[in-house]
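Below are some comments on the structure you sent. They are numbered and can be taken in any order.

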Amino acid sequence: MKLPRLTINQKLAAVALLLGAVAILSQPHRGPFVKLDARELAAVVAQEVDHVAPAELAAWIVEGRADYRLLDLRSAEEYAAYHIPTAENVPLSGLGDYPLLRNEKIVLYSEGGIHSAQAWMLLRAQGYDAAYMVLGGLEAWQDEVLFPSLPADAGARERAHFERAAQVARFFGGEARMGGGAAAPAAAVELPKLTAPPPTPGPATPVARKKKKEGC
Amino acid sequence: MMTPLYKYGFFGEEFSLLVAFALGLGFGFFLERAGFGSARKLAAQFYLYDMSVFKVMFTAIVTALLGVTYLGWLGWLDLDLVYLVPTHLGPQIVGGLVLGVGFVIGGYCPGTSVAALATGRIDAVVYALGIFAGTFAYAELYPAIKGFVNADAMGQVTLPEVSGLPWGLIVFAVVVIAVVGFWGATLVERRFRSEP
């Protein structure tokens, strides 16, 4: 069989049509399916570079740093009752649709640490390489930042450290406790009221993206 | 074009400007090579005896469309990181008409006028002054027309999202429209060339 003689333009058009036809089957968006580099993730977890200590996060908030986004994974009611200042409320199920950029530093927390660890895994799998968890979640935030306590047999260095922690605790509306080895049960702890509302960028205002103009 | 690389942090702000410069040079070079540095060639589009503008632009669209689709499919390009201009339907139709009228009157579109300016055409100098005057007038008028400019905000939408059709089908449809369009354009050229 002899092929009809085509001009270069007709050949290119035929190639484009062919590519277009094959493209009908294409899945150019990643969708909800992800790929994991298990070895890399295991290494990250083993080196303990996947989390931020509550005290470190507190220091960032005091400094007013804005180079990260803090996500509260609990329910809206729990968020309304108390949340770490500057946190945005994103229930775990809504994380997939929440406007985040892959080059942002994302800090996650939940009540304990389980939900945030699960969310961390989901984000890392989707290529959010700068995702971190608050170590110990809100419970640790409560114990270490809001209501830090000093053991009775503390040394001088621990005391100096405690002074600073107490200042930070006051900043966040909590208070330091002296001497008590066993702190009051968590249920009795009154969480500080959010009097001065901290800036909480809602989901309606994602970070300003760079405007790019394109055209002929 | 370089947005995904930029956002992944492969290079910083300064280097991105260099990349933009290189891309701009390439863009200008190909505009000039396609003959678009001449207002005559561009005006011929509107007299329908030379459909080069239509063909070159639509070829660029189809090439980019197929390229992006396949790169995304192979997993080499994350389409979620590609910046999309937000859609404002009404204002963009009006804006497109304003640009079109300017195109017909001046014989250039913004990109080609700069390419023509680089080759030293006097009409392009006048056109560039017009661009500056227009930009200035728009900036001055902006407070008055702000409501309209920001109307119909639909966000960063794409045809697959609006139509509900799969991405691949839209790609194929655009390619078919382009090929049929090229064929039609060639017929139109023949007709209007023979009747000067």
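1. A residue is called buried here if 20 or more other C-beta atoms lie within 10 Å of its own. By that rule, buried residues make up 25% of the 216 residues in chain A. This is a predicted model, so please read every value below as computed from predicted coordinates.

2. Chain A contains seven helices and five strands. Taken in sequence order, its elements run α-α-β-α-β-α-β-β-α-β-α-α. Among the contacts in chain A with a separation of 6 or more, 64% come from residues 24 or more positions apart.

3. On the interface, 21 residues of chain A are in contact with 25 residues of chain B.

4. One helix pair spans the two chains. Helix α1 (residues 8–23) of chain A packs on helix α4 (residues 52–74) of chain B at an angle of about 40°, and the axes are 11 Å apart. That angle makes α1(A) oblique to α4(B). The crossing of the two is left-handed. Ala16(A), Leu19(A), Gly20(A) and Ala23(A) make the contact from α1(A), with Val62(B), Leu66(B) and Thr69(B) on α4(B). Sorted by class, this contact has five nonpolar and two polar residues, and no charged ones.

5. Within chain B, helix α6 (residues 110–118) packs against two helices described here, and α2(B) is one of them. How are α2(B) and α6(B) oriented to each other? Helix α2 (residues 13–33) of chain B meets α6(B) at an angle of about 85°, with 9 Å between the axes. This makes α2(B) roughly perpendicular to α6(B), because angles of 65 to 115 degrees fall in that class. From α2(B), the contact uses Phe27(B), Gly28(B), Leu31(B) and Glu32(B). From α6(B), it uses Gly111(B), Thr112(B), Val114(B), Ala115(B) and Ala118(B). The class count for this contact is five nonpolar, three polar and one charged.

6. The other partner is helix α7 (residues 122–149) of chain B, whose axis comes within 9 Å of that of α6(B) and crosses it at roughly 135°. The two helices are therefore oblique to each other. α6(B) passes α7(B) in a left-handed crossing. On α6(B) the contact residues are Pro110(B), Ser113(B), Ala116(B) and Leu117(B). On α7(B) they are Ala124(B), Val125(B), Tyr127(B), Ala128(B) and Ile131(B). Eight of the contact residues are nonpolar, one is polar and none is charged.

7. Helix α5 (residues 89–106) of chain B has 18 residues. From its first C-alpha to its last, α5(B) reaches 25 Å, close to the 26 Å expected at 1.5 Å a residue. Gly107(B) follows α5(B) and has a positive phi, near 80°.

8. Is Asn150(B) buried or exposed? Asn150(B) has 11 other C-beta atoms within 10 Å and is therefore exposed, the cut-off for that class being 12 or fewer. Asn150(B) sits in the loop between α7 and β2 (153–155) of chain B. Asn150(B) and Gln92(B) lie 58 residues apart in sequence, and their C-alpha atoms are 9.9 Å apart in space.

Conventions:
Residues numbered from 1 in each chain as written. Chains lettered and ligands numbered in written order. Predicted model: local features only at pLDDT ≥ 70, side-chain atom pairs only at ≥ 80, totals over all residues. Axes fitted to C-alpha atoms, helices over the stretch in contact; angles between N-to-C directions. Helix = DSSP H or I, 4+ residues; strand = E, 2+ residues; numbered from the N terminus. Parallel < 35°, antiparallel > 145°, perpendicular 65-115°, else oblique. Left-handed = near helix turned anticlockwise from the far one by under 90°. Contact = placed C-beta atoms within 7 Å. Nonpolar A, V, L, I, M, F, W, Y, C, P; charged D, E, K, R; others polar. Expected span 1.5 Å × (residues − 1).
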